[in-house]
Amino acid sequence: MSGSYDDSVGVEVSSDSFWEVGNYKRTVKRIDDGHRLCNDLMNCIHERARIEKVYAQQLTEWAKRWKQLVEKGPQYGTVERAWCAFMSEAEKVSELHLEVKGSLMNEDFEKIKNWQKEAFHKQMMGGFKETKEAEDGFRKAQKPWAKKLKEVEAAKKAYHAACKEEKLAISRETNSKADPALNPEQLKKLQDKVERSKQDVLKTKEKYEKSLKELDNATPQYMENMEQVFEQCQQFEEKRLRFFREVLLEVQKHLDLSNVASYKNIYRELEQNIKTADAVEDLRWFRANQGPGMTMNWPQFEEWSADLNRTLSRREKKKASDGVTLTGINQTGDQVSQPNKHSSLSVQSNTVQSVQSSYNPFEDEDDTGSTVSEKEDNKIKNVSSYEKNQSYPTDWSDEESNNPFSSTDANGDTNPFDEDTSPAMEVRVRALYDYEGQEQDELSFKAGDELTKMENEDEQGWCKGRLDNGQVGLYPANYVEPIQ
C-alpha cells in the first residue's frame with residue numbers, strides 16, 4: 001500500500017477565520033452597521049432632548065402653581081420669600097434645560113445627520129457605495145486563491161477515494177486466498193485490481209500535493225491583497241469611531257450643567273435667599289401688623305343720637321349697605337318673638353326685622369353678600385384653609401352660632417374650616433393634550449379622553465372632574481374643551 005488513509009480526514013472542520021472564503025462579509029457588514037448606528041445615536045439624542053423639554057415644562061408649571069399657592073397662603077415675611085426662591089430656581093433651571101434641548105437638537109443631532117450624509121452615499125440600485133466597493137475589493141482579492149483552494153479540495157477528495165479503493169481491493173484479495181473454491185483466473189483479476197488501485201493512489205497523491213503547493217505559493221499574495229482591502233475598511237471605521245467620540249463629548253458638555261456659571265449662580269442665590277430667612281424678624285412683623293402691636297380705636301363714651309332708632313352691629317350695617325337678601329326673617333309686629341336665651345340684645349318693632357342666621361367667622365366680609373350660586377362659581381382650591389389677606393369678623397357676641405370654638409364645633413357638628421361643597425352643574429369635556437398628574441389629588445389622562453367637569457375653573461386655572469372609572473381629582477382647565 002503506497003499511502004495511508006484515515007476516514008476522519010474527509011470530514012471538513014468548520015473555521016471562523018477571516019481568511020476563510022466568504023468570511024470577509026463581516027467586515028463589509030460593519031459599514032452598513034455604521035450607518036445604522038448613526039441613526040441610533042440620533043434617535044438617542046432626540047429622545048433625551050424631548051425629556052429635557054418635558055422636564056422644563058413641568059418645572060415651569062410647578063413653579064407657577066406653587067408660587068400662587070404660597071403667595072395666597074398664610075406664610076409671611078422672610079420665610080415666604082425664601083420659599084418662593086425655590087420657584088424662582090425652578091424657572092431659571094427650566095430655561096437652562098430648554099437651552100440643553102436646543103443644543104442637543106440644533107448642534108449635536110444636526111452634526112451627526114450631516115456627517116452621515118457625507119460619509120455614506122446611497123446607490124440607485126440600493127445599498128451604499130462604500131459597502132459595494134469593499135465587497136468588490138475582497139471578492140477580487142480572494143477569487144484566485146479561492147479557485148486554487150477548490151482545486152486542492154477536489155484533489156484531496158480524489159486521493160482519499162483512491163486510498164479507499166486500494167484498501168478494499170487488498171481486503172478482497174486477502175479473503176480470496178483463503179477461499180479454495182475460487183479459481184486462479186478470478187484470483188488473477190483481484191490481484192490486477194490491487195495493482196491498479198495502487199497506481200491510482202500514487203497519481204492522485206501527486207496531483208494533490210502539486211495543487212496544495214500551488215495554493216501555498218498563492219497564499220502570500222492572497223493575504224497581502226486581503227490586508228490591503230481590510231485596511232481601507234479599518235480607516236473608514238476609524239473615522240466613524242473618532243467622530244462618535246467627538247459627538248459624545250459634545251453631548252456631555254451640553255448635559256453637564258455643573259460647569260455652567262449661571263447654573264452655579266442659581267443655587268448660590270437660592271442658598272442666600274434661604275439664609276436670609278429670620279424667624280425673629282417675622283415674629284416682630286406679625287406682632288406689629290397682626291398682633292398686639294396694632295393700633296386700636298378703643299371704645300369711648302358717645303352721646304345718644306335721636307337719628308338712631310335701633311342699634312346695629314358693624315357687620316349688620318355692612319350687610320344692609322350691600323343689599324343682601326336676608327333669610328330667616330320673622331315679623332315682630334303681630335307676633336311675639338321668643339328672645340334667644342344667649343342674646344344680650346332684644347329688639348321689637350313693627351318696622352324692624354330680626355335676622356336669625358349663623359355665619360362663618362372665617363369668611364371674607366366681601367363674600368357675605370354673595371348668593372349660594374355665586375359662592376360655587378368663585379370657589380378656589382387653596383393649599384391652606386385660609387388666605388393671608390382674609391378678613392375676620394370685628395363684632396362679638398356670646399351666641400354659640402357665632403363662636404367657632406363653641407362646644408358644638410368641638411363635638412364635630414360643624415367645622416368653620418370646611419370648604420363649600422354645594423353641588424355644581426356637571427359638564428362633559430374632552431382632553432386636548434396628555435396630562436400626567438403631579439400630585440395625588442390630580443387626574444391623569446390622554447388626549448381624546450372624555451371626563452366630567454364637576455366644578456368650574458378657579459382663579460388658579462384648575463377644575464375638579466371625574467374620570468369614567470370614578471376617580472375624582474383636579475386638572476388644568478386649559479387642557480380640555482367642552483363636548484359639543
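This is a predicted model: local features need pLDDT of at least 70, side-chain atom pairs count only at pLDDT 80 or more; totals for chains, interfaces and linings use all residues.
Colleague: How many residues does helix α3 have, and what span from its first C-alpha to its last does it reach?
Modeller: Helix α3 runs over residues 129-177, and a helix with its 49 residues would be expected to span 72 Å at 1.5 Å a residue.

Colleague: Is Ala 158 buried or exposed, or partly exposed?
Modeller: Ala 158 is found in helix α3, and it is 49 residues away from Lys 207 in sequence, while the two C-alpha atoms are 9.2 Å apart in space. Buried would require a relative accessible area under 20% and exposed one over 50%. The value for Ala 158 is 39%, so this residue is partly exposed.

Colleague: Which element gives the most residues to the largest nonpolar core?
Modeller: This core has 42 residues, and those touching the most other members are Ile 45, Ile 112, Phe 120, Phe 138, Met 226 and Val 247. Two or more residues come from each of α1 (25-72), α2 (77-119), α3 and α4 (184-255). With 13 residues, the element that gives the most is α4.

Colleague: How many disulfides does the model have?
Modeller: A disulfide is a covalent bond between the sulfur atoms of two cysteines. Among the cysteines, Cys 38 is buried with a relative accessible area of 0%, and Cys 233 is also buried, with a value of 5%. To count as a disulfide, a pair of cysteine sulfur atoms must lie within 2.5 Å, and by this rule the count is 0.

Colleague: Which strands stand at the edges of the open sheet?
Modeller: The sheet is formed by 5 strands in the order β6-β5-β4-β3-β7, with antiparallel pairing. An edge strand has a single partner, so one of its sides is left without a neighbour in the sheet, and this holds for β6 (472-476) and β7 (480-482).

Colleague: Which residue of β4 is the bridge partner of Val 429?
Modeller: Strand β3 (residues 427-431) and strand β4 (residues 450-455) run antiparallel and are joined by 4 bridges. Along this pairing, Val 427 stands opposite Lys 453 in β4, and the bridge partner of Val 429 is Leu 451.

Colleague: In the hairpin of β4 and β5, which residue takes a positive phi?
Modeller: β4 is joined to strand β5 (residues 462-466) by 3 bridges, and the two run antiparallel, with Glu 455 having Lys 464 in β5 as its bridge partner. Between the strands of this hairpin there are 6 residues, and a positive phi near 85 degrees is taken by Gly 461.

Colleague: Which residue takes a positive phi in the hairpin of β5 and β6?
Modeller: Here 5 bridges join β5 to β6, again running antiparallel, and Lys 464 stands opposite Leu 474 in β6. The hairpin has 5 residues between its strands, and the positive phi, near 95 degrees, belongs to Gly 470.

Key
Residues are numbered from 1 along each chain as its sequence is written. Side-chain values use heavy atoms; hydrogens and water are left out. The expected span of a helix is 1.5 Å times one less than its number of residues. Two strands pair if DSSP finds at least two bridges between them. Buried means under 20% relative accessible area, exposed over 50%, partly exposed in between (1.4 Å probe, protein chains only). A nonpolar core is a set of buried Ala, Val, Leu, Ile, Met, Phe, Trp, Tyr and Cys residues joined through side-chain atoms within 4.5 Å.
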